[in-house]
Amino acid sequence: MNPEVRKAKKQLSEEKKIKQVVYVISRKLKREGYPANHFINEIFNDGRFEKFYQYVSDQYKVQLEFEIKKALE
């Protein structure tokens with residue numbers, strides 16, 4: 001068989017290459033897992049969440065007062 005024909009025969013389609021990479025990555029993740037980075041815990045523990053909650057509460061209060069005044073007029 002001609003070496004050029006063999007070489008062309010061994011080439012994989014782009015879709016098949018992607019599927020192979022996805023399979024290898026998913027197998028590794030299943031076997032070893034994914035390391036946690038705890039970014040949510042850091043947000044709750046450093047006070048940013050409380051500030052955000054207070055800001056949203058204040059804005060809701062202003063909006064509610066506006067809606068009540070508008071309804072009473």
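Tutor: The chain has 4 helices and 0 strands (helices being DSSP runs of H or I with at least four residues, strands runs of E with at least two, numbered from the N terminus). Read from the N terminus, the order of elements is α-α-α-α. The model is predicted, so local features need pLDDT of at least 70 and side-chain atom pairs pLDDT 80 or more, while totals for chains, interfaces and linings use all residues. Residues are numbered from 1 along each chain as its sequence is written, and side-chain values use heavy atoms, with hydrogens and water left out.

Confidence comes before the surface. The mean pLDDT of the chain is 85, and 85% of the residues score at least 70 (pLDDT is the predictor's confidence in each residue, from 0 to 100). Helix H1, residues 3-10, is where confidence is lowest, with a mean of 59, whereas H4 has the highest, at 93.

The chain exposes about 7,600 Å², and 60% of that area comes from carbon and sulfur atoms (Shrake-Rupley method, 1.4 Å probe; for residues, only the protein chains shown count as cover). Of its 73 residues, 1% count as buried (buried is under 20% relative accessible area, exposed over 50%, partly exposed in between, with a 1.4 Å probe and protein chains only).

The nonpolar part of this surface includes a patch of about 840 Å², made by Phe-39, Ile-40, Phe-44, Phe-49, Phe-52, Tyr-53, Tyr-55 and Val-56. Patch residues have over 30% relative accessible area and no salt bridge; like charges are joined within 9 Å, and nonpolar side chains (Val, Leu, Ile, Met, Phe, Trp, Tyr) within 5 Å. Two or more patch residues come from each of helix H3 (39-45) and helix H4 (48-72). The largest share is that of H4, which gives 5 residues. Tyr-53 sits in helix H4 and counts as exposed because its relative accessible area is 54%.

The charged part can be followed through the salt bridges, of which the structure holds 3 (a side-chain nitrogen of Lys or Arg within 4 Å of a carboxyl oxygen of Asp or Glu). Side chains of opposite charge can pair when their charged atoms come close.

Within H2, Glu-15 and Lys-19 are 4 residues apart, about one turn of the helix, and they form a salt bridge whose closest N and O atoms are 3.5 Å apart. Glu-15 is exposed at 52% relative accessibility, and Lys-19 is exposed at 54%.

A further salt bridge joins the side chains of Lys-28 and Glu-32, at 3.4 Å from N to O. About one helical turn separates Lys-28 and Glu-32, because they are 4 residues apart in helix H2. Lys-28 is partly exposed, at 39%, whereas Glu-32 is exposed, at 55%. After H2 comes Gly-33, with a positive phi near 80°.

The side chains of Arg-48 and Asp-46 also form a salt bridge, at 2.8 Å from N to O. Arg-48 is partly exposed, with a relative accessible area of 47%, and Asp-46 is partly exposed at 45%.
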